[in-house]
Each structure stands twice: as structure tokens, then as C-alpha cells.
Amino acid sequence: MRRHNFSAGPCILPGEVLQQASEAVINFDNGLSLLEISHRSKPFVDVMENARALALELLGLEGKGYKALFLHGGASTQFLMVALNLLEKRAGYLNTGTWSDKAIKEAKIFDDVYEVASSKEAKFNYIPKGYDIPEDYDYFHCTSNNTIFGTQMKKFPNSPIPMVCDMSSDIFSRQLDFSKFDLIYAGAQKNMGPAGATLVVVKEDILGKVSRKIPSMMDYQIHISKSSMFNTPPVFPVYVSMLTLQWLKNLGGIKAIEKENDKKAQLIYSEIDLNPLFKGYSAKTDRSSMNATFTLANEDLKETFETMIKEAGINGLNGHRSVGGYRASMYNALSLESVGVLVDVMSELERKA
Ligand SMILES: *Cc1c(COP(=O)(O)O)cnc(C)c1O
């Protein structure tokens, strides 16, 4: 039986996707494993093209001047790739957590970075609002969902300059006007597939404007011109991502999954608010529907709670080491039923205590 997997990343994937993926490892094309065929062979080129097309289709960005790429190096490589490709003089960053902080640090290697706003002083428990984005900067960068602190941007500014967004932990989870963004990136391992591939969706007309020389592997235009096959792509992560995107499309796309995600978030947050034994970490208005962070009001109950969690078959609930407490990550593939199991344990603890 599968466990109730609340892991923050790598994380839960749909059971049927894991089944199909494991079959492809043994026999993908006429007795050949997916892992032993050329990435230039027709069956794999079809996988790559299908994955790229599905990503654009699900985001509603087909025919709008965007290209989808599956690259190596995780979202962390995008922190520097974004700057290398787009930063000429100065960029504005919204600092909403550990990942934004790291993105800022990398961009500063290349040029001037200005923090338009930050919630660092409050240990990133809210999303700053009402900041200005200077018109003469090269781009504005934000992080849509702060995986570690459990906050999520509910509204995005109307940026007068290209808007870049790290959507690693909430891409494909909710409906947004994705055409507001000029570059979106997301490590696969939070809501799409295994670790090892990063989805980049970029509007082509923002590229080619910086004066520096860009190393080939870091150059979006080169990856676009080679249809995301400049070098050997991460074939297995791309294949599993394609399967997950197909699974999402069959369910009814982002619109359908958003409804489920809202129900899951409502269920967990109402328990956190009503149960006096638990305290939510983040500001209510900015709560993430993907990662719910909370602590026990009374640390004496820690052992009892954790034993109960284990007995209920729940995995991956520990908070990030920088926040402590608990974090329930509720990505697309996690069922409402799993959240129900967790909520039952929380209310059972209240009855016992
Ligand atoms: C996990 C995560 C990252 C880092 O991803 P890697 O693929 O490990 O580099 C970056 N940004 C956000 C929002 C994340 O959740």
C-alpha cells in the first residue's frame, strides 16, 4: 500500500505515472529500455516534443511566443542562468524566502541587484505588498510559492519590465494568467516529476539583449535553437514529467486540479486554526496551498504526535530545518483523502491531550 506522502520534494507522484515509468525502464520501444535508447531516436524525440507541448498547453501559452525547455541543473542553475541571459545593468528581486535569497546571491555575481521588498526581518512569514518596480531595470524576479516557509503569492504585480518567476513548488497547481510572466522556471521534483530536469518557459522576444558572451550550456537561445536537445537531456525525468503532464491533462488540467488543491488547503488550515494544539506559521492571507507550515503549541506532545503520524502511514511531515515544526506538502498528486488522514490524527491528538 502507498503511504500518505507529504514530502516537500522530491515528493509524491501519481501511482499510475510510477507504474508506466517503471514499465518503460524495462521495455519502452520494442524490447529496449527508455534508458538505453538514443536521445536522438524518434521515440525519445517524440517524448521531448510532447512534454514541451503539454507544458505550454496546460499553461495556456501555446502560440503566444513562448518556448518550453527541459534543462539540467535544477532550479538552482536557473538562479544564475536568468542573470546571465537577462541582466545587463540592474534587476529587481522580491525577497520572500530562502530560494529568493539564493537567487539574489547568484545574480549579484554578475551585476547590480536591488531588493524591491523583503520579508526577511519577519523570518519570511508573509509576502510583502505595495512595492514599486522601477521601469528602467532589466527584469523583476519573484518566487510564486515559498516551499520552506509556506507562503504563496496570491497576486502578481503588473510589472512594467519582464517578469521572471521561480514556480518550482506550485507550477501547474492553480490557474494564473501565465502570459503575465516572461520567464518561468521550475525544478521538476516538486510538482511534475523526478529530480534532474528543470522546466523553463520563456518568451523568446526577451532574449538576446545582453552584451556579455554566454557559455553555450547557459544560453537559452542555444537550447531553443536545438529544441532542448543541445546536449543529452535528462531522459528519464523528462519522460516522467511528460507522463505527469499527460495525467494532469486527462484529469481536466490546472482548472480541475486547482479545485482539489483548494479543498486540501481548506481542510488542513481549518484544522490548524480550530485545534488549539497547533499554530500556523505564515500570515493567513499569504498561506500556501502547497506547503502548510505549523508548529505544536505544546512541545511535550511531540513524541505522541509523531508516533501517531507514523502509525497512520504518514511520511515527510517534518518542517525544514530552518523553520522547525511541521510542513504538510500537498502537491497535485496528493489526495484529499491523505490530508483527511493527517487532519484526523491532529484532532485525535486534541481528544487525547
Ligand atoms: C526546491 C526549490 C528550489 C531548488 O531546486 P533545485 O532543483 O534543488 O535546485 C528553488 N526554488 C524553489 C521555490 C524550490 O522549492
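Start by selecting the ligand and the residues around it: there are 13, and the closest are Ser76, Thr147, Asp166, Gln189 and Lys190. Keep in mind while looking that this is a predicted model.

An N or O atom of the Thr147 side chain lies 2.4 Å from an oxygen atom of the ligand. Move to Ser76, where the corresponding distance, from a side-chain N or O atom to a ligand oxygen, is 2.6 Å. Then go to Gln189: here a side-chain N or O atom is 2.9 Å from an oxygen atom of the ligand. With the protein hidden, the ligand on its own exposes 390 Å², and the protein buries 87% of that.

Now colour the shell by residue type. The residues around the ligand comprise three nonpolar, eight polar and two charged. To see where they come from, select helix α3, residues 74–86; this helix gives the most to the shell, with four residues.

Select the lining of the pocket, which is made of 20 residues. Nearest the centre of the pocket are Trp99, Thr147, Ser168, Gln189 and Lys190.

Colour the lining by type as well: the count is seven nonpolar, ten polar and three charged. Finally, go back to α3. What does α3 give to the lining of the largest pocket? The helix contributes four residues, the most to this lining.

Notes
Residues numbered from 1 in each chain as written. Predicted model: local features only at pLDDT ≥ 70, side-chain atom pairs only at ≥ 80, totals over all residues. Heavy atoms only, no water. Near = heavy atom within 4 Å. Polar contact = N/O pair within 3.5 Å; in protein donor to acceptor, adjacent residues only side chain to side chain. Areas by Shrake-Rupley, 256 points an atom, 1.4 Å probe, with all protein chains shown as cover. Helix = DSSP H or I, 4+ residues; strand = E, 2+ residues; numbered from the N terminus. Nonpolar A, V, L, I, M, F, W, Y, C, P; charged D, E, K, R; others polar. 1 Å grid on protein atoms, 1.4 Å probe; cavity = no way out; pocket = protein on both sides within 12 Å on 5 of 7 lines; lining within 4 Å.
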